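Me: I want to go through this entry term by term and see what each label rests on. Please show the sequence and the structure before we start.

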Amino acid sequence: MRRIAFALALLLPALAFAQSPEFGGRASIGVDYKIKKGLHLTLEQEIRADENFSALNRLQTTLGLTYKPVSWLKLGAGYSYISPFKTNKELDDGTLYTGFWNPRHRGYADVTGYYRVGDFQFSLKERLQYTYNSDASMNIYQSNPKAWALKSRLGVKYKGWKKVEPSLSLEIRTALNDPWGYMEGSQQTNKSGKTYYAYTHTGYTHVYNNRYRLNGGAEIKLNKHNSLKPYVLVDFCGDYDIDTNSDGTRLFSAAYNDCVKVFTGLSYTFSF
């Protein structure tokens with residue numbers, strides 16, 4: 001919890017000085033089926049737009065199961081089928097392709113603890129997720145096709161009103177096994193004039209925080225079975241981008257790529 005609070009203190013100044021944030025949108029529709037008290041089955045379909053709403057980013061379908069053995073604890077697990085959308089991707093024969101590309105498969109497990117103070121409900125959620133990228137053409141020295149990540153989210157919700165529950169949360173995403181290596185020798189230049197260093201890939205050992213997400217919204221209960229949640233998500237990204245050749249022996253660049261993305265979103269849930 002201290003780690004999240006400290007990150008929030010760092011995130012707010014970063015947002016204040018961030019230049020040219022990107023904007024996008026998210027929308028989802030889901031169902032929540034109550035199997036029995038405390039045990040729920042959920043299904044959600046989400047669509048995302050990025051690059052200042054100019055491009056469809058991906059479709060994501062998630063099937064999940066949650067169990068609440070006591071009022072202050074909830075356990076969850078699920079699977080997501082992620083369909084990235086590629087714009088003008090160059091194929092091996094030189095043609096350009098626009099459409100849905102190689103899917104990613106994601107499994108996750110999480111645990112959430114709750115603590116109530118009057119009308120305020122505080123929560124701490126820890127999620128461990130595994131994502132498999134099926135793109136056979138990806139450079140495995142730049143990205144890990146079998147990526148693990150840990151998400152830590154601290155949230156607060158106001159439950160003093162009957163129909164509307166405002167909420168605010170901060171989430172930290174930690175990459176657990178990104179690529180890593182070291183440079184050797186002096187800078188060299190290839191035939192095309194591109195500079196590089198000799199490089200040795202040492203494995204998937206890079207552990208670092210690459211996402212800080214601030215989410216503010218409100219759940220609106222239309223009636224017993226239907227609810228809407230409009231929200232705004234501020235995503236501070238800090239991925240470590242590595243650019244190597246296909247066999248991982250030449251390093252052209254390696255640096256943290258910081259950016260800020262702001263998403264407006266709307267989710268609808270039918271519960272029964």
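Reply: In this predicted model, residues 24 or more positions apart account for 56% of the contacts in the chain with a separation of 6 or more. A contact here means heavy atoms within 4.5 Å.

Me: What elements does the chain have, and in what order do the elements run?

Reply: The chain has one helix and twelve strands. From the N terminus on, the order is α-β-β-β-β-β-β-β-β-β-β-β-β.

Me: How do you know how far to trust the coordinates, and where does pLDDT stay under 50?

Reply: pLDDT is the predictor's confidence in each residue, from 0 to 100. Its mean over the chain is 90, and 88% of the residues reach 70 or more. Over residues 4-10 the value stays under 50, and the model has eleven contacts beyond four places in sequence for them. Residues 12-18 also stay under 50, with five such contacts.

Me: Which strands pair with β12 in the antiparallel sense?

Reply: β11 (residues 226-244) runs antiparallel to β12 and is joined to it by 19 bridges; leucine 233 has phenylalanine 263 as its partner there. The two strands form a hairpin with five residues between them, and glycine 248 in the turn has a positive phi of about 70 degrees. β10 (residues 195-221) and β12 are also antiparallel, over two bridges. Two bridges are enough, because the rule asks for at least two. In β12, leucine 251 is the bridge partner of tyrosine 197.

Me: Why is valine 31 called partly exposed?

Reply: Valine 31 has a relative accessible area of 33%. Buried means under 20% and exposed means over 50%, so at 33% valine 31 is partly exposed. Its place is in strand β1.

Me: What makes the nonpolar patch, and which strand gives the most to it?

Reply: The patch covers about 730 Å² and is made by Val31, Tyr33, Ile35, Leu41, Leu43, Leu63, Leu65, Phe270 and Phe272. Patch residues need over 30% relative accessible area, and Val31, at 33%, passes that cut-off. β1 (22-36), β2 (39-50) and β3 (55-70) each supply at least two residues, and β1 gives the most, with three.

Me: Why is histidine 206 called buried, and what does it touch?

Reply: The relative accessible area of histidine 206 is 7%; buried means under 20%, so the label holds. Histidine 206 is found in strand β10. Beyond four places in sequence, it touches Ala175, Leu176, Asn177, Asp178, Pro179, Trp180, Tyr240 and Tyr256. Tyrosine 240 is 34 residues away along the chain, with a C-alpha separation of 9.3 Å from histidine 206.

Me: How do you know that aspartate 110 and arginine 127 form a salt bridge?

Reply: The closest N and O atoms of the two residues are 2.7 Å apart, and the rule asks for a distance within 4 Å. The pair links aspartate 110 in β6 (residues 104-117) to arginine 127 in β7 (residues 120-133), 17 residues apart. Both residues are buried. By this rule the count of salt bridges comes to twelve.

Me: What does the salt bridge between glutamate 171 and arginine 213 tie together?

Reply: Their closest N and O atoms are 3.5 Å apart. Glutamate 171 lies in β9 (residues 164-189) and arginine 213 in β10, so the pair ties together parts that are 42 residues apart in sequence. Glutamate 171, at 15%, is buried, and arginine 213, at 16%, is buried too. Salt bridges that share partners join Glu171, Arg211, Arg213, Asp235 and Asp239 into one network.

Notes: Residues are numbered from 1 along each chain as its sequence is written. This is a predicted model: local features need pLDDT of at least 70, side-chain atom pairs count only at pLDDT 80 or more; totals for chains, interfaces and linings use all residues. Side-chain values use heavy atoms; hydrogens and water are left out. Patches are made of residues with over 30% relative accessible area and no salt bridge: like charges are joined within 9 Å, nonpolar side chains (Val, Leu, Ile, Met, Phe, Trp, Tyr) within 5 Å. Accessible areas come from the Shrake-Rupley method with a 1.4 Å probe; for residues, only the protein chains shown count as cover. A salt bridge is a side-chain nitrogen of Lys or Arg within 4 Å of a carboxyl oxygen of Asp or Glu. Helices (H or I, at least four residues) and strands (E, at least two) are DSSP runs, numbered from the N terminus. Buried means under 20% relative accessible area, exposed over 50%, partly exposed in between (1.4 Å probe, protein chains only).
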